[in-house]
Amino acid sequence: MPVTDPLEKLSVAFALSIILLCPFCQGKSREPVSSLNSVKVKRCNLFEWLLTGLSLLGCWFNIQKSAVGWVIWSVANVGWIITFLAKGMIAESTLFSVYLALSIYGIFKWRQPLVDAAE
């Protein structure tokens, strides 16, 4: 039975990307990017892959003109803020805080026409 629902297709693609791409970078570490960063970090981890997948999923829903994309992006942005703060990357966490504010604005802005149409 072929998968025809866009959400099902996206869920399958998301799961496959996590399964296929994530093992290639698990457990590897790299030297600090600059002398200002003295902490060795894993190249990537499962949580970052999950956030990347959520960000792409949010983008897909926005392309489909669905307000759900803003909600997904809000969740992903909170995760990115936490990740960047834990790594001491203040500029990136600030950037994703702005993205979070914009995605919350998008939720209310895109939800408003639905409320108006229901009245």
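**Ground rules.** I am working from a predicted model, where local features need pLDDT of at least 70, side-chain atom pairs count only at pLDDT 80 or more, and totals for chains, interfaces and linings use all residues. Residues are numbered from 1 along each chain as its sequence is written, and side-chain values use heavy atoms, with hydrogens and water left out.

**Whole chain.** I looked up the secondary structure and got 4 helices and 0 strands. I take helices (H or I, at least four residues) and strands (E, at least two) as DSSP runs, numbered from the N terminus. From that end the order reads α-α-α-α. Of the 119 residues, 28% count as buried. For burial I use relative accessible area: under 20% is buried, over 50% exposed, and in between partly exposed (1.4 Å probe, protein chains only). I also checked contacts, meaning heavy atoms within 4.5 Å. Among those with a separation of 6 or more, 48% join residues 24 or more positions apart.

**α2 against α3.** How do helix α2 (residues 46-63) and helix α3 (residues 68-86) pack? I find an angle of about 155°, with the axes 8 Å apart. The axes are lines fitted to C-alpha atoms, for helices over the stretch in contact, and angles run from 0 to 180 degrees between N-to-C directions. The crossing of α2 past α3 is left-handed, that is, the near helix is turned anticlockwise from the far one by less than a right angle (clockwise would be right-handed).

On the α2 side I noted contact residues including Phe47, Leu51, Leu54 and Phe61. The α3 side has, among others, Trp70, Trp73, Ala76 and Trp80. Sorted by class, this contact has 13 nonpolar, 7 polar and 1 charged residues. Ala, Val, Leu, Ile, Met, Phe, Trp, Tyr, Cys and Pro go down as nonpolar, Asp, Glu, Lys and Arg as charged, and the others, Gly among them, as polar.

The expected span is 1.5 Å times one less than the number of residues. α3, with 19 residues, reaches 28 Å from first C-alpha to last, close to the 27 Å expected. Buried residues of α2 include Glu48, Trp49 and Gly53. In α3 the buried set includes Ser74, Asn77 and Ile81.

Where does Lys65 lie? I find Lys65 in the loop between α2 and α3. Its phi is positive, about 60°, although Lys65 is not a glycine. Lys65 is exposed, at 72% relative accessible area. Just after α3, Gly88 also has a positive phi, about 75°.

I went to Ser93, which sits in helix α4. Is Ser93 buried or exposed? Buried, at 5% relative accessibility. Setting aside neighbours within four places in sequence, I find Ser93 in contact with Ile81, Phe84 and Leu85. Tyr105 is also in α4 (residues 90-118), but Tyr105 is exposed, with a relative accessible area of 51%. From Tyr105 to Trp70 I get 8.7 Å, C-alpha to C-alpha, across 35 residues of sequence.
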